[in-house]
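Dear colleague,

I am handing over the structure we spoke about, and below it you will find what came out of going through it. Please read the notes with the structure open beside them.

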Amino acid sequence: MVLPFLVVALNAVKSPAEYSANGPLSLPEGIHLDGLRDFWQRVDFGQKLFNSALISGSVAVLAALLSVLNAYAIGIGRVRGRPWVLAFFVLANMLPQEALVYPVYYLSKQVGLYDTRLSVIIVFTVIQSAFGTYLLSSVLGAFPKEVIEAARIDGANKWQVLWRVVVPVSRPTLGVLLVFFFIWTWNEFLLPLVMLISNDNQTVSVALGVLQGQRLMDATMTNAAALLGVLPAFCFFLIFQRTLTRGIAMGAVK
Amino acid sequence: MSTHSPGAPRLPGRSPHRREYPYALFLLPGALAFLAVIVVPFLMNTGISLTHWQGVGSPKWAGLDNYRALLDDSAFWESFRHSLAMVVAMAVLPTALGLVLAAALFDYIAKHIGSRTASVLRACFYLPQVLPIAVAGIVWSWILAPEGGALNEALNAVGLGSLRHDWLGDPDFALYSVMAVMVWVQLGFPLVVFMAGLQRADPSLHEAAELDGASWWRRFWHVTLPQIRPEISVVLLWCTIAALKVFGAVYVLTKGGPGGATNVPSYFSFQSFFEKTQVGYGSAVSTALTVIILALALVALRLQTRAEDQ
């Protein structure tokens, strides 16, 4: 499973001459970082990292916020028609993005949001919060009633109960949601591909995917690109491994 | 929605929240956002599928023409058959392999070698799942490249040079190559879910079977499998839905080629929208896909609520 990554890392530090002489399977003779540097400059990788981080970070926070508001009404407020509202959110999350992409593309052009990072942030905030609403609602549905009633008797209104009682107690679940929203948004491909056409707005995924499609790179640069694309994901993975596995189990069987 | 049940009498002077907003108000931001980003675009897409439209000028009403054309379009049916191949690669195989691996990690490696090794292995299998599919695509299209690709070079090195192939460029092989990559991408998800499922299962059953002398396969079949049946059906369905939606992998690995050999409906609709400017037709494809996916999602939801009740 990790073998492909190792092979990529080996070849990302070879010089093109070494690659063509010894092929992809030999060990590198030395560390040769030109491929990485060339690729970084060619696609302005720092800017792509910044765009990805900005978009994914904003989506994670905004979607978690929206999920909390929705789930508060559904899980604790027990609004009427609850199962239908929940079903709606799940279906919205399962909808293939192909069924939204053209109207979103068209409408964003009409309102002047086309090729802005904001457009992608808005769309993914909504899509991710659909999943968040579903997961949080079932967690909040099991929230101990006495705690809420106690706060109410102390004179807290619904808004205060939400922020001072429900949100602090749900922090573990919210943490899982933030991590997942961030990584999912980071990895998204179709909508950013359609919406972010200018170089200054593209995400890491789109920049790499588009370059790959054009097949303009030599083998060492391809490996450099792959390595630079893998590294952020690998860091998230190391940092959030526990949260991730906990979250998957939670999402699947909750 | 009020804090008092409807029939209960209100005690005078004990109603500090009398003029408070109802809980439904908390749904308002979400509802508006969903209206703008999901509901309206989705209805527009369905509407566009009933027209002939190139994306500019005004759409011409077509009724069900696009759908009728779809039924006769062999390229569409081919893409749809590839969807079934993706279901095998992204749902059936990963679930089957994930089950065996989860059981092996859980009751062999964790017990005989150490739970630390088991969780490191689990992490390795899961890693491809956190990778942007575009990056996985770059990695694999280089490995599978005909000239200088790592796989062909490795075959050469071990004396199997006769098996060299243009893995992604040969119409007879491309679909299988994409399928193999998708198994690699997808395997970690069922594995993690099944291992979590096994943790909540009762270990005494397993030990009893082991004492009775049941072989590993018999225990796997008669003890492990029945215990995580809810997880299996949920994983199968979610993975099937993911398989029907697959886009990024096809875009980066093959762009649907060679000659449509790896095209899938989602890429087919993307092509219709942005390459062929047959927006009405593309909308019909994506609407058809949506109907299938939502039907499956409903089944998955039912299964999931049933699993919760157990």
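At what angle do helix α4 (residues 45-76) and helix α9 (residues 158-169) of chain A pack, and how far apart are their axes? Please bear in mind throughout that this is a predicted model. The two helices pack at an angle of about 105°, and their axes are 12 Å apart. Angles of 65 to 115 degrees count as roughly perpendicular, so α4(A) is roughly perpendicular to α9(A). On the side of α4(A) the contact is made by A:Leu65, A:Val68, A:Leu69, A:Tyr72 and A:Ile76, while α9(A) contributes A:Lys158, A:Trp159, A:Val161, A:Leu162, A:Trp163, A:Val166 and A:Val167. By residue class, the contact of α4(A) with α9(A) divides into 11 nonpolar residues, no polar ones and 1 charged.

In chain A, the side chains of A:Arg37 and A:Asp34 meet in a salt bridge, with 2.6 Å from N to O. These two residues are separated by about one helical turn, because they stand 3 residues apart in helix α3 (residues 34-43) of chain A. A:Arg37 is partly exposed, with a relative accessible area of 45%, and A:Asp34 is also partly exposed, at 33%.

In chain B, the side chains of B:Asp65 and B:Arg68 meet in a salt bridge with an N to O distance of 3.0 Å. Both residues belong to helix α2 (residues 65-72) of chain B, where they lie 3 residues apart, about one turn of the helix; B:Asp65 counts as partly exposed at 34% relative accessibility. Another salt bridge of chain B joins the side chains of B:Arg219 and B:Glu210, at 3.8 Å from N to O. Are its two partners buried or exposed? B:Arg219 has 9% relative accessibility and therefore counts as buried, the cut-off being under 20%, whereas B:Glu210, at 41%, counts as partly exposed.

Two aspartates of chain A deserve a look at their backbone. A:Asp44 has a positive phi of about 55° although it is not a glycine; this residue lies in the loop between α3 and α4 of chain A and is partly exposed, with a relative accessible area of 40%. A:Asp115, which is not a glycine either, has a positive phi of about 60°. A:Asp115 sits in the loop between α6 (98-110) and α7 (117-141) of chain A, and at 16% relative accessibility it counts as buried.

For chain B there are also record annotations to compare with the model. An unreviewed UniProt entry places the feature "transmembrane region" at residues 21-44, 84-108, 120-143, 173-196, 234-253 and 279-301 of chain B. In the model, residues 21-44 of chain B are 71% helix and 0% strand, with end C-alpha atoms 34 Å apart, and residues 120-143 of chain B are 75% helix and 0% strand, with end C-alpha atoms 25 Å apart. UniProt, again in an unreviewed entry, lists residues 80-302 of chain B for "domain: ABC transmembrane type-1"; the end C-alpha atoms of that span lie 26 Å apart, and the span is 75% helix and 0% strand.

Finally, B:Arg306 is found in helix α14 (residues 279-309) of chain B and is exposed, with a relative accessible area of 51%. The C-alpha atoms of B:Arg306 and B:Pro230 are separated by 8.4 Å, although the two residues are 76 residues apart along the chain.

Definitions and conventions: Residues numbered from 1 in each chain as written. Chains lettered and ligands numbered in written order. Predicted model: local features only at pLDDT ≥ 70, side-chain atom pairs only at ≥ 80, totals over all residues. Heavy atoms only, no water. UniProt positions renumbered as here; feature names shortened; annotations may be inferred. Helix = DSSP H or I, 4+ residues; strand = E, 2+ residues; numbered from the N terminus. Salt bridge = Lys/Arg side-chain N within 4 Å of Asp/Glu carboxyl O. Buried < 20%, exposed > 50% of the residue type's maximum accessible area, 1.4 Å probe, protein only. Axes fitted to C-alpha atoms, helices over the stretch in contact; angles between N-to-C directions. Parallel < 35°, antiparallel > 145°, perpendicular 65-115°, else oblique. Contact = heavy atoms within 4.5 Å. Nonpolar A, V, L, I, M, F, W, Y, C, P; charged D, E, K, R; others polar.
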